[in-house]
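Colleague: I'm new to this one, could you put it up on the screen and take me through it?
Modeller: Gladly, here it comes.

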Amino acid sequence: SSELMLSVSCPQPSCFGYPLSIFFIVINEFCERFSYYGMRAVLVLYFKYFLQWDDNLSTAIYHTFVALCYLTPILGALIADSWLGKFKTIVSLSIVYTIGQAVMSVSSINDLTDHNRDGSPDNVPVHIALSMIGLILIALGTGGIKPCVSAFGGDQFEDDQEKQRTRFFSIFYLSINAGSLLSTIVTPILRAQECGIHSKQRCYPLAFGVPAALMAVSLVVFVIGSRMYKKVQPQGNIMVQVSKCIGFAIKNRFRHRSKEFPKREHWLDWASEKYDKRLIAQTKMVLKVLFLYIPLPMFWALFDQQGSRWTLQATTMDGNFGSIQIQPDQMQTVNPILIVIMVPVVDGVVYPLIKKCRINFTPLRKITVGMFLASLAFVAAALVQVQIDKTLPVFPAAGQSQIKIINLGTDGVTVQFEPQLQSVNLTSMESTSYMTFETSQLQSLNVISGNKTTTKVITLSGENRHTLEVKNTATGIVAELLLDNVTSKPEEGNNLIRFINNLPDTVNVTMGDTSFGRLMSLSASSYKLFPGGRKDTIMVIGNTTPCSVTSEALGFGSAYTIVIDSCTAETLNVTYSEDIPPNTIHMAWQIPQYFILTCAEVVFSVTGLEFSYSQAPSNMKAVLQAGWLLTVAVGNIIVLIVAGASKLSEQWAEYVLFAALLLAVCIIFAVMAYFYTYIDPNAIEAQLDEEENKQVKKNQDVYEKQDEAVSRM
C-alpha cells in the first residue's frame, strides 16, 4: 500500500522503546501458528486412520489444503488494502478460522455417528463433509490473515524506529517457529491418547480441539489490544494497480499490432498513455523478479511432503528412543528444531567461510544450491524407503496360500506337504515362518510324530495366511488349520496379538484391559489390536488359581501368536511365535533427510525473500510476497499432478522421480540465474525523482516565461 500513513490513534504507550501493542501481535502470531501447525501435523494421519483413506488420497487432500492456504493470502491482502483495513480483516477472518478449527475438532468425534458402539464411525460421509468444511474455513482464515499480521505489526512503529522495527520482525519470526515447534511436539502426543464416550479411540478431537482453543485465545488477545493499535486506513492495493497496468499494456499493444506503429523498447511501455512512468518502471522491476519465480514451485513440491509422504513413511518405522516413544507425526519437529539451530550457523559460520574462500556466493547461487540440496534429501528418503521395503512381510498373491506351523507338543514332528511339495521338521514348541504354496497344487498334509501318523486333506481359499497347529497327544496327533485373516502389516506402530490355549482346560484370557474371551483347549482367539512398544499383564483364569505374567515388549507394527503353555505357582509360562516382524528400521534414519532438507530451506527460503525485496522498490513488497506464496501453492498442486500421473507402485521410485524433476528444474534455474543482471531499485527511483524534478523545473521555467510575456503586454 501507499507510503502515506493515515493514522487514526492517540500516541501509543510503549515498553522498552517498543510500542506496547506489538506484544499483543507477537502473542497472537504465536497462538495462530501453534493452531495451524498443530492441526496440520496430525492431518494426514487423521485422513488415513480416521477417515480410512489410502496413502494416495490422504496425500492428495493434504496438499490441496496446503495449496489453498497459500492461495488465499492474495485475497486477504486485497480485502485489507482495498476495503476493510488490516485490523478488521484480521479480526473477521480470525473468527472464520476459529469456527473452522472447532468444526474440524467436532468432525473427528467418533461417537458422533457410532450408533452401534463398535469403535468406528457408522456414517463416514458426515465426518468427511464436516472436516472438508472445517479445512476450507481454516484455509480462508490462515491464508487471509497471513499477509496482514506482519504488515500490521510493522505499521505500529514510527518512521524513526527503524531499528526496533527490524528487531520486531526477528521476534515475529521466532514466535512463528516457537509456535510450530511446540505444536508439532504437543498435538501428536494428544492424538496418541485414548479417548471416547463409548469406545476408546485415538484422540483426534483433543488434537484438533487444543489448536481450536489456541486460535480462540489468539483472537481474544488481539482484540484486547485494540485500543493501543495504530490503525492505518486502507490505501488501495498496489497489486490491483500493477495488474491494471499490465492488462492495459497488453491490450494497447494488441490494438497497435500493425507495422505502421513504431516498436517500443519494452512491451510495458505501451501502458505509458494511461499510467505514469514511475509505476511502469516499478512494474518492470517486479516482473523481472517474478519471471525468476517460475521454476521455484518445484522446490516447495518436495519441501511440503514432510507433512504427508515422510510422515506416512515414519508410520512404518520404529519410534522407540529408549525411554521415549516418538509418534510418526512428531518427526516433523526435526525441521523447526534444526531451523532454529541452522539459521545462525549458516549466517554466522558458513557464509563468512565461503566469503573467505573468495567465492562470490550470490543470492541466486544460494537458491540454486537450496534446490540441489532438496533433491539430495529425496534421494536420502528413497534410500531409507528401500531399506523399509526389505523388512515388510510378503503376503500371498492371487492363487497362492501361506502356511506356518506351530508344534504345541513335547515331541518332535515332521509335516509333509503333499503331493511331494515340502517336508518340515520341528522340535518341541518350535514354530516356522510362513511358507508360500500355489493353492491349486497343495492337496493334503501328513503329520508324523514318534510312531504316529495322521493325514489331513485340505482345500484352501487363495490369497490367505493359515496357521497349522500340531500336537502329539496320548489319544493321537491333533492337526488344526486356522485361518489367520491378516492381510496387511498393522499400521501406526500397533501390534496384533492372538492366543492359543495349550492347557487341557477351558480358560478366560485377558491382556491389559482387553478380553480375548473363553478359549477351549487347543483353540485360538482372533487377533486384537494393541498400541506398540508397551508391556501388558497377561491373565489366565481357569478352574484353578488365576495365573499371570507380564508380556515382553513386542516392538511396533508386529503380529504375534502367544501360546499359553502352563501355569506354575500362579506364574504363567507362554511362548511367542512371530507372525509379522516388528518395524526394525529406526525413525532416527529419517534425521539425515530432514537435516539436508532444512539446510536447503535455510539457503533457499530466507535468501529468496531477501533477494526479491532487494530487486524491487519498497512499495512493491506486497506484490512480491503474493508471488512468493503463489509458488508454494503451485508446488503443492505439482505434488497432486505428479503423484496422480506417475502411477508408480513403489514409494522409493516416486521419491527418486521428485528428486530427478527438481534436479532438472535446478539446472534450468541456474541457466536463468546466469543471465540475470542485478539492479539497484534505489538508483532507478533516484533517477526517476531527478527526471521528475527536471520536469517540474522545466514547467516552472515555461510558466515564468509566460508570466513575463503577459506582464509585458
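Colleague: Let me start with a detail: is the link of Cys195 and Cys203 right-handed or left-handed?
Modeller: The link is right-handed, with 100° about the S-S bond. Before going on, please note that this is a predicted model, in which local features need pLDDT of at least 70 and side-chain atom pairs count only at pLDDT 80 or more, while totals for chains, interfaces and linings use all residues. Residues are numbered from 1 along each chain as its sequence is written, and side-chain values use heavy atoms, with hydrogens and water left out.

Colleague: OK, and how many disulfides does the whole structure have?
Modeller: A search of the whole structure finds 2 disulfides, a disulfide being a pair of cysteine sulfur atoms within 2.5 Å. One of them joins Cys195 to Cys203, with 2.0 Å from S to S.

Colleague: Switching topic, what domains does the chain have?
Modeller: The assignment, which is automatic or from a database, gives domain 1 (21–248), domain 2 (295–391 + 586–685) and domain 3 (400–580). The centres of domain 2 and domain 3, taken over C-alpha atoms, are 48 Å apart.

Colleague: And how do α12 and α13 pack?
Modeller: Helix α12 (residues 363–391) and helix α13 (residues 591–614) meet at about 155°, with 8 Å between their axes. The axes are lines fitted to C-alpha atoms over the stretch in contact, and angles run from 0 to 180 degrees between N-to-C directions; helices here are DSSP runs of H or I with at least four residues, and strands are runs of E with at least two.

Colleague: So which way do they run relative to each other?
Modeller: They are therefore roughly antiparallel, since that term covers angles over 145 degrees, whereas under 35 counts as roughly parallel, 65 to 115 as roughly perpendicular and the rest as oblique.

Colleague: Now the sheets: in what order do the strands β10, β7, β13 and β14 lie?
Modeller: These 4 strands form an open sheet in the order β10-β7-β13-β14, with mixed pairing, where two strands pair if DSSP finds at least two bridges between them. Strands β10 (435–438) and β14 (476–483) are at the edges with a single partner strand each, so one side of each is left without a neighbour in the sheet.

Colleague: How many bridges join β13 to β14?
Modeller: Strand β13 (residues 464–473) is joined to β14 by 8 bridges, and the two run antiparallel; Thr467 stands opposite Leu482 in β14.
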